[in-house]
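Let's walk through this model together, one region at a time. Keep the structure open beside you as you read.

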Amino acid sequence: MREPSDVALPADLPLLALRSTIVFPGGRIAVQVASAENLALLAAHPDEGTPVICVLEPEERDGAPRRAEGRIGVIARLTDRREPAGGTAQVTLVGLARARAVTTTRDAIAGYAFARVEAVEELLRDDAAARAFMHRVALAADARVELDTSFPAELPALLRREAQRPSRFADLAAARGAMRAAEKDEVVQRLDVVARLEFLAERWEREAAKAKVHEEVRQETERRIDRHHREFFLRQQLQAIKSELGEAELGEGETVELLRRVEESALPESVAAEARREIERLRALSTASSEHQVLRNYVEWVLTLPWQKRTGVPGIALEQVERALDGRHYGLHEAKERILEYLAVRQLRGDRGRDPHGPILCFVGPPGTGKTSLGEAIAASIGRAFYRISVGGVRDEAEIRGHRRTYVGSLPGLIVQAMRRVQANDPVLMIDEIDKMTAGGPSGDPTAAMLEVLDPAQNATFTDHYLNLPFDLSSVLFICTANNLFDIPHALRDRLEVIRIAGYTVEEKVEIAWRYLLPRLFDDHGISDHDLQFTDESLSLIANRYAREAGLRTFERQIAALMRKRAKRKAEGETGAWIVDAARIEDTLGPPRFAPEAAEQAPEVGTVTGLAWTANGGELMTIEALLMPGTGKLTVTGQLGDVMRESVDAACSYVRSRGRVLRVADAEMKASDLHVHFPAGSVPKDGPSAGVAVTLAIASVMSRRAVRRDVAVTGEVTLRGMVLEIGGVKEKVLAAYRAGLRSIVMPRANEKDLREIPPEVRQAITFRCVGTMDEVIEAMLLPPTRNGFADDLPLFDEVARAVADGP
């Protein structure tokens, strides 16, 4: 234990607030004084050796002296003063002992503060622990001297001289070591000498570890620089020696080999000249140059591209193509016929020209309908290489045309990369998901770049930014795929020969399962038809109740789920055959996901079954209308687009104009609110083709007459009640057929589209083509009854004939 008994403490001492440093007992430092309070203190005590109490006050703010209350400071004497210059005075502080500032008071007249001080005791409870911490501090000091040139080299020796005085040891280490003011003040505040030494040991050991890491990084950096310098000088010496001996320079063998490959590759003359020029540039560069590798990669790309190499057999055998298409795809008769017509034209033209005005095939249809596999079948049948390029999500023009060689890591675009991979200049390239390319942006428009690729009048001289050489794409058979034709920009759509693939009926799915899916899935799951036996009824149930979609992917997944269950039981030792029936299907696949065909067909007031087109095929869309007392307000919900909202407004206006025919009083319309809702509110909806269904729903709810739900309707309506032509007829009809509906009301202008419907569907569905809403209302609204329903539901054909015959 040590007490500052050698220092006589007055009751009050001037308070000197330090900002960026602190003085320790037994230490001596020179400080700059700039604050008004400290300058006033020096002016009031001009005598040498005036005692003050020093406390660290790092922030300058009002009432700063009050922060010193209760804190530990250091009593010091003022010596070696220098007169203020520029508002700053310098004074030397000689530290005497620690003391506590009990209270502080500010002398308003003198302009500085006083502190009531009391002596404090420094505690040393464990001498062994103190010596252990001093040893750690000394070792850390030695390490920092070796690793950090800014650390005082004489400090370790000074510390060892104070080994018998632990308190002085700690104060000396804190005063001379590289520590922040706040850390030094932490040492001042600790009266327990062991705690003070422990704090210093941990702090210095951490700094020594950091210094070691920095030194290792510095040494490694120096070694790498020295190695690079050494390699550079050795290469220069080697080149000088070879030059004196008359031998080839470094890299000469490489350039000779590249020139030989240019001569053997049968490149077009302009391409060969450019390759030779780049190789000569390569010869002049050092292999250590960064540009050397850039040029080397460029020459390799030029030499490995199939400039004149073909893989396709001469001519196109249409019979072989037809067999290949029929062997891999069931149905799709129109799509197959269009493909054969397209290839027939190319066969007849032969080498007389490449049809500069010939279109590019584009398969448009829902997912899972076989668009990609059709392209593969075409390539296999005509003996050409096949490569698929997915451009969905492409938002940078450089992904199509490539990056210029000025960019680091630049490469050719997707088209040139595909040509290099197939090693032929006449492959079948499938541009997949072309409707999902992002148009425009800061990095250029990739759809504009695709125009040059797909335009037969331009792609004979397609120039990739990386190659900067014209590459002939006119021999390539491009096939595009898309889900939504209207998402393709018009300029690009104008260059495409669109072949629509609407989807498959339940009967077609069953037939496809027997011909293609079941043999492949049995082989994939390691079982046979003796283990799992399907029937037409079970496959129809899966297609209708578990996979009611345009494509086949969900249908295939449901069948695969049954096979996995059977394969698991077979692996566990179960023998015998499973007969796939409704109970087995529900036990494995769970409850049906879709209602049976007879569901949702009972007549209702204000509810209409409409038809919608989506990128995934056609779908049923229920439209609901509700009438309630109010002020004539119209509410529309269901996340609708602007076009559909305008259709609802037009439908409401039309129905109000026909109020007398519908026997709806105008006063009743004005005293009622109308709410039209489109279910599945989280799905965005837009388009005019729901006009007939909306008008019918509003007419039904206002007249309180039920609507036939076993009939689907579609069409656009004008304010005059005319029913206009719509699109997506085939997809919508197939959706109604899959859902079990066998009657459809559609615009008379779309009667021409019925020939695209599969024959089995066309024979199963009764089509009513109308030209006005009056015909629709007569055919769809049931006679009014007290409860809003008709007692007897007339047959659709009879209603259609009654409307056709007139009143």
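This is a predicted model: local features need pLDDT of at least 70, side-chain atom pairs count only at pLDDT 80 or more; totals for chains, interfaces and linings use all residues.

Five strands form an open sheet in the order β8-β9-β12-β7-β13, with parallel pairing. Strands here are DSSP E runs of at least two residues, helices are H or I runs of at least four, and both are numbered from the N terminus; two strands pair if DSSP finds at least two bridges between them. At the edges you will find β8 (386–390) and β13 (496–500), each with a single partner strand, so one side of each has no neighbour in the sheet. On average, neighbouring strands of this sheet are turned by 25 degrees against each other, direction ignored.

Residues are numbered from 1 along each chain as its sequence is written, and side-chain values use heavy atoms, with hydrogens and water left out.

Back in the sheet, β7 (residues 360–364) pairs with β13 in the parallel sense over 5 bridges. Within that pairing, C362 stands opposite V498 in β13. Two helices pack on this sheet. Helix α14 (residues 414–422) touches β8 and β9 (428–432), and its direction makes about 155 degrees with that of β8. Helix α15 (residues 446–454) touches β7, β9, β12 (477–482) and β13, and its direction makes about 145 degrees with that of β12. Touching, or contact, means heavy atoms within 4.5 Å; axes are lines fitted to C-alpha atoms, for helices over the stretch in contact, and angles run from 0 to 180 degrees between N-to-C directions.

Now look at strand β3 (residues 50–56), where 6 of the 7 residues are buried. Buried means under 20% relative accessible area, exposed over 50%, and partly exposed in between (1.4 Å probe, protein chains only). Strand β1 (residues 12–18) runs parallel to β3, joined by 4 bridges, and L18 stands opposite L56. Strand β4 (residues 72–85) runs antiparallel to β3, with 5 bridges between them; here C54 has V74 as its bridge partner.

Next comes a pair of helices. How do α17 and α19 pack? Helix α17 (residues 506–525) and helix α19 (residues 553–571) meet at an angle of about 40 degrees, with their axes 10 Å apart. That makes α17 oblique to α19, since angles under 35 degrees count as roughly parallel, over 145 as roughly antiparallel, 65 to 115 as roughly perpendicular and the rest as oblique. Residues in the contact include L517, L521 and F522 of α17, and F555, I559 and M563 of α19.

Finally, visit the loop between β19 (634–637) and α21 (642–657), which holds L640. L640 counts as buried because its relative accessibility is 11%. Leaving aside neighbours within four places in sequence, L640 is in contact with R645, F678 and K685. The C-alpha atoms of L640 and D686 are separated by 5.7 Å, although these residues are 46 residues apart along the chain. Q639 lies in this loop between β19 and α21 too; its phi is near 55 degrees, a positive value in a residue other than glycine. With a relative accessible area of 40%, Q639 is partly exposed.
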